[in-house]
Number of protein chains: 2
Amino acid sequence: MSTKNDLFLRTARGEAVERPPVWLMRQAGRILPQYRAIRNRLSGFKELVETPELAAEVTIQPVDELGVDAAIIFSDILVIPEAMGLPYEMVEKRGPLFPQVIGSEADIKALKSGAFAAADLQYVYDAVALTRKQLDGRVPLIGFSGAPWTLLAYMVEGSGSKTFSKAKKLLYTNPGLAHQLLEKISETIIAYLKLKVQSGVQLVQIFDSWAGILSPEQYREFALPYIRAICEGITEVPVTVFSKGAWFVYEDLGQLDCQVIGLDWNTPPEVARQWVGDGKVLQGNLDPCQLYAAPEVIEKAAIKMLERFGRKHIANLGHGVYPDTPLEGVRAYVDTVKAYRYK
Amino acid sequence: MSTKNDLFLRTARGEAVERPPVWLMRQAGRILPQYRAIRNRLSGFKELVETPELAAEVTIQPVDELGVDAAIIFSDILVIPEAMGLPYEMVEKRGPLFPQVIGSEADIKALKSGAFAAADLQYVYDAVALTRKQLDGRVPLIGFSGAPWTLLAYMVEGSGSKTFSKAKKLLYTNPGLAHQLLEKISETIIAYLKLKVQSGVQLVQIFDSWAGILSPEQYREFALPYIRAICEGITEVPVTVFSKGAWFVYEDLGQLDCQVIGLDWNTPPEVARQWVGDGKVLQGNLDPCQLYAAPEVIEKAAIKMLERFGRKHIANLGHGVYPDTPLEGVRAYVDTVKAYRYK
């Protein structure tokens, strides 16, 4: 099945294109009335994640409604810990919660991993296959995973946190145990992403949402080697690495065997380009709060951003779109990028 | 009254010293059993802040117990919004909460500001005067304030937040209103810090705790000019600016009329020095989670950090010490710095 709008994939592969493609992290979500309508008649967030027909439906909504250049499969980064044996709950207005956490070597030994764990996530692969079928080649489909450090952070901390001090405490007090856990998580991520690719995703993105709370030394010891292994393990499709807040290791990220580097909104495009080098495509990075502004203000900000990035750029936000963002703001951004042409 | 251990002030003024001074953000707090004993018999956090005898007592505890080279007056950054007419509550395990928030021009007009607002904080000035008396010159006393943007963030958002999207929304949708509010906050901060200096603090530190969630453009428009005004307004004592997460404007911070720049733990000392220039003293920046490690591990990490900073350095953490940090870890850090000598 050929992809009719393959601008996103051509850009990710480094080909010369006429304009940057655009999509938004969390585009399948509460910003869309169609999403809220479905979500409101369900018992909870996990029902949506675990029901392939519903996941496919909300994945495609932003393609219909906003005309973005890529879809991203609706799911959650915490399906991996769950498949490894650590179930999560999604508590309304509080976020994720793990009733059990990892605290000892015995806990780690009890976890499933690799292909054995990944096999438990059939509902994701079914959702991917169904979405590809229903998209019918309109735009490419992105798959994703949390990065090993970010997943460890939730599995040890048990919930979101401003400091993730319990998770970081493990790195400082028992680095060997942390590496054992990261090893098992990484094997599972690779097996999971390979099955997602087999089911139809055409690029994978690694979300290291909590990269920015590590010191540079810790990032190089506990995060980077495992991301590198994933990049080297996934050879079938392009890979995007989004390490939020990790400006201090952008030179290292530039050396990864991946095609795209995601940027948060703090990072000036020129600085990122200098650190990452010319080899990678950059993705980002409008401040999600910019979309609260009036459409004409957003248009101006978007064009300024596009000109600062220049070529080898996938337009996105510097973080997931916030649930209360006005749809007209989102449209103003997407439409501005789509009307733009490189000189 | 002369200060017997004036190492901290000599370093802040840029004089050549034999070793870096050391103190910790949040050193007067839950890490100390003496603090917990006092706190547990009070009705709440605010009683401690508002009772000069108690505030003085907990301010001095870390000098007695840890032997740090400076004391910092026990207080809260949110006393300023309260003095301006916006009372805060401190909710156990949740953090600060403002029952009313700022949403309109009328709200801003209703706020008190400048010397008129600062006059309401007599309990702080009394605590400072009493602490200076009780310290009897053992170590210098630091005063502090939240930065204008960080205080605006709480006054508009109403509580802590991962994104402060309501506060940032104001900057994007009504920049004029944001500047009106920042103007009133800044006037109040300057008046407040001057009264603190008159009461006895010997250096003031500006905490811009939420600097890191602004884009570089927003930081330059909504944060930096007001911090500059404070630095220019406070000429009586040295000023430290700690803009957490604001790596992207360190070159601008280097141009401020202040003596010390605080660094978070993400920032490599060599990078900060290059960006800030040679004119400033740098303060920081061990990861607070490093203090969970064994004392011998902490000692090694501390010495490595001291060697990377070299001279013109005040040893501290990259963030406030976390409440569950073992006292032996804190001691290991303080003692290592105190035993260190520049070659």
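A residue is called buried here if 20 or more other C-beta atoms lie within 10 Å of its own, exposed if 12 or fewer do, and partly exposed in between, with the C-beta atoms placed from the backbone. Helices (H or I, at least four residues) and strands (E, at least two) are DSSP runs numbered from the N terminus. The model is a predicted one, in which local features need pLDDT of at least 70 and side-chain atom pairs count only at pLDDT 80 or more, while totals for chains, interfaces and linings use all residues. Residues are numbered from 1 along each chain as its sequence is written, and chains are lettered from A and ligands numbered from 1 in the order in which they are written.

The buried residues include B:Trp149, B:Leu152, B:Tyr154 and B:Met155, together with B:Glu157. After α9(B) comes B:Gly158, with a positive phi near 95°. The loop between α9 (148-157) and α10 of chain B also holds B:Phe164, which has a positive phi of about 45° although it is not a glycine. B:Phe164 counts as buried because 23 C-beta neighbours lie inside 10 Å.

In chain A, the contact between helices α9 and α10 can be described in detail. Helix α9 (residues 148-157) and helix α10 (residues 165-173) of chain A pack at an angle of about 105°, with their axes 8 Å apart; axes are lines fitted to C-alpha atoms, for helices over the stretch in contact, and angles run from 0 to 180 degrees between N-to-C directions. That angle makes α9(A) roughly perpendicular to α10(A), a label given to angles of 65 to 115 degrees, whereas those under 35 count as roughly parallel, those over 145 as roughly antiparallel and the rest as oblique. On the α9(A) side, A:Leu152, A:Ala153, A:Val156 and A:Glu157 meet A:Lys166, A:Ala167 and A:Leu170 of α10(A). Two residues are in contact if their C-beta atoms, placed from the backbone, lie within 7 Å. By class, this contact of α9(A) with α10(A) has 5 nonpolar, no polar and 2 charged residues, where Ala, Val, Leu, Ile, Met, Phe, Trp, Tyr, Cys and Pro count as nonpolar, Asp, Glu, Lys and Arg as charged, and the others, Gly among them, as polar.

Turning to the strands, chain A has an open sheet of 7 strands in the order β1-β4-β5-β6-β7-β8-β9, with parallel pairing. β1 and β9 (313-317) of chain A stand at the edges, each with a single partner strand, so one side of each is left without a neighbour in the sheet. Two strands pair if DSSP finds at least two bridges between them. Strand β1 (residues 71-72) of chain A is joined to β4(A) in the parallel sense by 2 bridges, and A:Ala71 has A:Leu141 as its bridge partner in β4(A). Between β4(A) and strand β5 (residues 203-208) of chain A, which run parallel, there are 5 bridges, with A:Ser145 partnered by A:Ile206. β5(A) in turn pairs with strand β6 (residues 239-243) of chain A, again in the parallel sense and over 5 bridges; here A:Gln205 has A:Thr240 as its partner.

Strand β4 (residues 141-146) of chain A has 6 of its 6 residues buried, so it is largely enclosed by the rest of the structure. Both of its faces are covered, with A:Leu141, A:Gly143 and A:Ser145 buried on one side and A:Ile142, A:Phe144 and A:Gly146 on the other. A:Asp136 is exposed, with 10 other C-beta atoms within 10 Å.

Strand β8 (residues 281-286) of chain A includes A:Asn285, and a cis peptide bond with an omega of about -15° joins A:Gly284 to A:Asn285. In chain B, the peptide bond from B:Gly284 to B:Asn285 is cis, with omega near -10°.

Finally, the two chains meet through 20 residues of chain B in contact with 20 residues of chain A. On the side of chain B that touches chain A, the largest share, 5 residues, comes from helix α10 (residues 165-173) of chain B. The residues on that side divide into 10 nonpolar, 7 polar and 3 charged.
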